[in-house]
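Open the model in your viewer and follow the stops below. Each stop tells you what to select and what is there.

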Amino acid sequence: MKTLSRILERLASAENYLFSLDDLRCALPETEPGPFKALLSRAQKAGVLQRVCKGIYLYPRVNYPAGRVLFHAAAKLRADAFNYLSLETVLSDAGLISQIPLNWITLMSSGRSHIVDCGNFGHIEFIHTKRLPADIAEQLSYDPDCRLWRAAVPLALRDMKLTRRSTDLVDWSLVDELSSRFPEKIEKRDRHPETRPGHLSPSASARGEDGEKAVNEIETATEKSSGNVFADLGLPLPEERLAKAELARHISRILAHRHLTQAAAAELLGIDQSKVSAIMNGRQGGFSMERLLTFLLALDHDIEIRLKKKPRNRSTAHLNVVID
């Protein structure tokens, strides 16, 4: 136990806090399978290791990013497969879908479809895809915080249809706004409710089509991201929206790190439980910037507001949220 503790203390950091069974076996190469299994059990009881899911363990004695555990575990679980964040996770982050399950992330994967139970951390859902990276490379961007590839919104919408996921919770008013501002990204061939993605027309059902025709109603085009999804969507006040999203995401991480129930979080923040759920699901539109900052103060976080003159080579001033 002492040897394992010393090794983990030396190797672990805020960046490297997850370890697979193979990682741990390499740390103790001479330990036989039986004693090794017993050692893992003792390490968990002593708080040296915490089991995230089958085959993945967390070293809790570093300041790890609690809000990113599921993403980092997903990347480690299928390091040998092609994976990318998509479906409800991407649409929720873009503010296009609501009421997704708490602490549940969705990825497309070249591996088999499978839901990984990560206990108190949540769930990781892998959905199989036959797509090759080269086929959709221009619609993907790398998310260094999550350590995973991330689909662009049009690709996520297309994946929703191809995998026959329910689109009932998609905010189609925002999708319509996107399509009106960027028709090259999403083409509206028919915006009647019965022909929206997620619904097959009567003629399509009669012909036994499986949805590929409906999928083609969403035309995707690629465009380099500005780094602000709200600006990419052409929404008003994109920097304010992004700043609020960053604040809400950090509040969500704090609540997850403390393992607070929604009821306990609601009491602490002085709001309804439904509003806690909204924050945890990325829907911060109903809160002002001031209100979100008040929540952070209630969560024992200092707030420092810094003002500085914009550089001369930039035409407009920017609003940024920097989290230490």
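## A tour of the inside and the surface

Select Y84. Its relative accessible area is 0%, so Y84 is buried. Keep in mind that this model is predicted.

Now look at the two rings. The centres of F82 and Y84 lie 5.6 Å apart and the planes meet at 40°, so the pair is tilted.

Next, select F287 and F295. Their rings make an edge-to-face pair, with 5.5 Å from centre to centre and 75° between the planes. Both F287 and F295 are buried. The count of aromatic pairs comes to 4.

Move on to the largest nonpolar core, which has 62 residues. Select L24, V52, L91 and I124, which touch the most other members. Then select helix α4, residues 69-77: this helix gives the most to the core, with 6 residues. Apart from that core lies another, of 17 residues, including L247, I271, F287 and L299.

Go back to L24. What does L24 touch, leaving out residues up to four places away in sequence? Its partners are L4, L8, F19, F36, L40, L49 and Y57.

Now select helix α14, residues 273-280. Its buried residues are V276, S277, A278, I279 and M280. They pack against α12 (238-257), α13 (262-269) and α15.

Select L297, I303, I305 and L307, which make a nonpolar patch of about 470 Å². I303 sits in the segment after α15 (289-298). With a relative accessible area of 34%, I303 is partly exposed.

Key: Residues are numbered from 1 along each chain as its sequence is written. This is a predicted model: local features need pLDDT of at least 70, side-chain atom pairs count only at pLDDT 80 or more; totals for chains, interfaces and linings use all residues. Side-chain values use heavy atoms; hydrogens and water are left out. A nonpolar core is a set of buried Ala, Val, Leu, Ile, Met, Phe, Trp, Tyr and Cys residues joined through side-chain atoms within 4.5 Å. Buried means under 20% relative accessible area, exposed over 50%, partly exposed in between (1.4 Å probe, protein chains only). Helices (H or I, at least four residues) and strands (E, at least two) are DSSP runs, numbered from the N terminus. Contact means heavy atoms within 4.5 Å. Patches are made of residues with over 30% relative accessible area and no salt bridge: like charges are joined within 9 Å, nonpolar side chains (Val, Leu, Ile, Met, Phe, Trp, Tyr) within 5 Å. Accessible areas come from the Shrake-Rupley method with a 1.4 Å probe; for residues, only the protein chains shown count as cover. A salt bridge is a side-chain nitrogen of Lys or Arg within 4 Å of a carboxyl oxygen of Asp or Glu. Rings of Phe, Tyr and Trp (its six-membered ring) pair if their centres lie within 6.5 Å; planes under 30 degrees apart count as stacked, over 60 as edge-to-face and the rest as tilted.
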